[in-house]
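Visitor: I'd like to learn how to read the features of a model like this one. Could you walk me through it?

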Amino acid sequence: AKRHVASASTVRQAFGVATVAPAMLGTEAAVGQKLHGWTCERVEELAELKCMGMLWRHDKTGAECLSVAQPLEENKTFGVVFRTPPESSNGIAHVLEHSVLCGSRKYPVKEPFTELMKGSLQTFLNAMTFPDRTCYPVASCNLQDFYNLVDVYLDAVLHPRALKDPRVLAQEGWHYEVEEKDKPLTFKGVVFNEMKGVYSNPD
């Protein structure tokens, strides 16, 4: 597979258009059709889902957008997926997954994920690390709320606060902590503690 390198602003603009494309197009897209810098490469009926699927490619960056037009489904979903094949078992993809959701350029709050869980109409909101990719999906039945969730997540993955604040990676990955003056240093960290729990579970 080809790898494409582009500026964050270009990719953000590309994905921003992608979130609007399904609503604008319905099921009328045709292979070769161009829309806002995207080209439709494939249109296919998804019989088991009773809907149409369209694969778009961004002309400048090569980013792919899979649009599924399902008129019978009230829930609107969106996800950003990055290839994150590991070079070692240090868990960096998992640490980055957590760190990305710790504030961004447009939303510089400490825990926007927690705020969204409390204050949005989301029907699904999460992030997952798999062995070879990292996913950031959101969903909502309310159109305005859906677009707000997409905006927060896109800014998080393309402009994370962790790029300029090293404390984010230390908090989410691991760091030394002194609990008492005469006690030895201990390891702490969100992902560190999470994985300790996973590996200590006999199941």
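Visitor: Let's begin with the rings: how many aromatic pairs does the count come to?

Guide: A pair of aromatic rings is described by the distance of the centres and the angle of the planes. The rule here takes rings of Phe, Tyr and Trp (its six-membered ring) with centres within 6.5 Å, and calls planes under 30 degrees apart stacked, over 60 edge-to-face and the rest tilted. By that rule there are 2 aromatic pairs. Phenylalanine 82 and tyrosine 136 make an edge-to-face pair, with 6.4 Å between centres and 75 degrees between planes. Phenylalanine 82 belongs to strand β5 (residues 76-83) and tyrosine 136 to strand β8 (residues 133-140), so this pair links distant parts of the chain, 54 residues apart. Helices (H or I, at least four residues) and strands (E, at least two) are DSSP runs numbered from the N terminus.

Before we go on, a word on ground rules. This is a predicted model, where local features need pLDDT of at least 70 and side-chain atom pairs count only at pLDDT 80 or more, while totals for chains, interfaces and linings use all residues. Residues are numbered from 1 along each chain as its sequence is written, and side-chain values use heavy atoms, leaving out hydrogens and water.

Visitor: Is tyrosine 136 buried or exposed?

Guide: Buried means under 20% relative accessible area, exposed over 50%, and partly exposed in between (1.4 Å probe, protein chains only). Tyrosine 136 has a relative accessible area of 4%, so it is buried. Phenylalanine 146 is buried, at 6%, and tyrosine 147 is partly exposed, at 25%.

Visitor: Which residue lies over the face of phenylalanine 130?

Guide: For a charge to sit over a ring, NZ of Lys or CZ of Arg has to be within 6 Å of the ring centre and within 35 degrees of the ring normal. Here arginine 133 lies over the face of phenylalanine 130, at 4.5 Å from the ring centre.

Visitor: How many residues does the largest nonpolar core have?

Guide: A nonpolar core is a set of buried Ala, Val, Leu, Ile, Met, Phe, Trp, Tyr and Cys residues joined through side-chain atoms within 4.5 Å. The largest has 18 residues, and those with the most contacts inside it are Phe78, Leu101, Tyr136, Val138 and Tyr153. At least two residues each come from β5, β8 and α5 (143-158), and α5 gives the most, with 9 residues. As for contacts (heavy atoms within 4.5 Å), tyrosine 153 touches Leu101, Phe113, Leu116, Leu125, Asn126, Tyr136, Pro137 and Val138, not counting residues up to four places away in sequence. Apart from this core lies another, of 9 residues, including Trp38 and Trp56.

Visitor: Now the charges: how many salt bridges does the structure hold?

Guide: Side chains of opposite charge can pair when their charged atoms come close. The cut-off is a side-chain nitrogen of Lys or Arg within 4 Å of a carboxyl oxygen of Asp or Glu. The structure holds 9 salt bridges. Glutamate 115 and lysine 118 form one, with the closest N and O atoms 3.7 Å apart. They sit 3 residues apart in helix α4 (residues 112-119), so about one helical turn separates them. Glutamate 115 is partly exposed, at 43%, and lysine 118 is exposed, at 63%. Arginine 167 and aspartate 165 form another, at 3.0 Å; the arginine 167 side is exposed, at 63%, whereas aspartate 165 is buried, at 10%. Shared partners also join Glu41, Arg57 and Glu64 into one network. Within that trio, glutamate 64 meets arginine 57 at 2.7 Å, N to O.

Visitor: Where is confidence lowest, and where is it highest?

Guide: pLDDT is the predictor's confidence in each residue, from 0 to 100. The lowest mean is 40, in helix α2 (residues 21-25), and the highest is 94, in β8. The protein chain averages 80, with 80% of the residues scoring at least 70. Over residues 1-26 the pLDDT is below 50, and this stretch has 47 contacts in the model beyond near neighbours in sequence. Where pLDDT is low, the predicted coordinates should not be read in detail.
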